[in-house]
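Subject: Structure handover

Hi,

Here is the structure I promised to pass on to you. My notes on what turned up in it follow below.

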Amino acid sequence: MIRVGMGYDVHRLVAGRDLWMGGIKLDYEMGLLGHSDADVLIHAICDAILGAANMRDIGYHFPDTSAETEGMDSKIILKKTIELIASKGYRLGNIDATICAEKPKMNPHIPAMQQCMAQVIGCDPDMISIKATTTEKLGFTGRQEGISAYAVALIERV
Ligand SMILES: [Zn+2]
């Protein structure tokens, strides 16, 4: 049996924060604001995976009011998400995700993000598709007020 899930996340772009995306730190003058490291791509992907398993969302499992998740590396959230679906008898099939950001350029870093997340999940990097787009200077992403990410994930019964 296969199941599909979708995820969406947004974080505000601010000065004085590191920019984490897909598990790697990008060199940029601003970063995403959040309780954890605010890795918007990993968060959207985790919500897609949890949604596919009908296991609520990352806010439910990793509350942003908890001291335990403060400043948390989102790679840990990803690893725990895979463990959560495994506990219900599922494993990841594939992921397809899109980052919406005016700046910085994401494309040069996509292979490193795929490698990093594949290592965390323990899957082939070919299972993780990441795409990036601008929103043509429109909306909050276009004004560089924030970065959003969309993801779909397919899971299968072990
Ligand atoms: Zn988030």
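**Salt bridges across the chain**

Arg91 is partly exposed, at a relative accessible area of 44%; buried here means under 20%, exposed over 50% and partly exposed in between, with a 1.4 Å probe and protein chains only. Before going further, please note that this is a predicted model, in which local features need pLDDT of at least 70 and side-chain atom pairs count only at pLDDT 80 or more, while totals for chains, interfaces and linings use all residues. Residues are numbered from 1 along each chain as its sequence is written, and side-chain values use heavy atoms, with hydrogens and water left out.

Arg91 forms a salt bridge with Glu156, with 3.0 Å between the closest N and O atoms. The term stands for a side-chain nitrogen of Lys or Arg within 4 Å of a carboxyl oxygen of Asp or Glu. Arg91 sits in strand β5 (residues 90–100) and Glu156 in strand β7, so this pair ties together parts that are 65 residues apart in sequence. Strands are DSSP runs of E with at least two residues, numbered from the N terminus. Glu156 is partly exposed, with a relative accessible area of 24%.

A salt bridge also joins Lys131 and Asp96, at 2.7 Å from N to O. This pair again links distant parts of the chain, with Lys131 in strand β6 (residues 128–133) and Asp96 in strand β5, 35 residues apart. Lys131 is partly exposed at 35% relative accessibility, and Asp96 is partly exposed with a relative accessible area of 27%.

Asp18 pairs with Lys25 in a salt bridge whose closest N and O atoms are 3.7 Å apart. Asp18 counts as partly exposed, at 44% relative accessibility. In the whole structure, the search finds six salt bridges.

**The zinc site**

Which residues hold the zinc ion? Its protein donors are Asp9 (OD), His11 (NE2) and His43 (ND1), lying 2.0 Å from the ion. Donors are N, O and S atoms within 2.8 Å of the metal (3.2 Å for Na, K and Ca); water is not among the atoms, so sites may look incomplete. Along the sequence, the spacing of the donor residues is D-x1-H-x31-H. Asp9 is buried, with a relative accessible area of 17%, and His11 is buried too, at 12% relative accessibility.

Val4, Met6, Tyr8, Val10, Phe140, Tyr150 and Val152 make up a nonpolar surface patch with about 630 Å² of accessible area together. Such a patch takes residues with over 30% relative accessible area and no salt bridge, joining nonpolar side chains (Val, Leu, Ile, Met, Phe, Trp, Tyr) within 5 Å and like charges within 9 Å. The areas come from the Shrake-Rupley method with a 1.4 Å probe, and for residues only the protein chains shown count as cover. The elements giving two or more residues to the patch are β1 (2–15) and β7 (146–157), and β1 gives the most, with four residues.

Val10 belongs to strand β1 and is partly exposed, with a relative accessible area of 34%. In a regular strand, side chains alternate between the two faces of the sheet.

β1 and β7 pair in the antiparallel sense over eleven bridges; pairing requires that DSSP finds at least two bridges between two strands. Arg12 has Gly146 as its bridge partner in β7. β1 also runs antiparallel to strand β4 (residues 30–32), joined by three bridges, and Leu13 is partnered there by Leu32.

Happy browsing!
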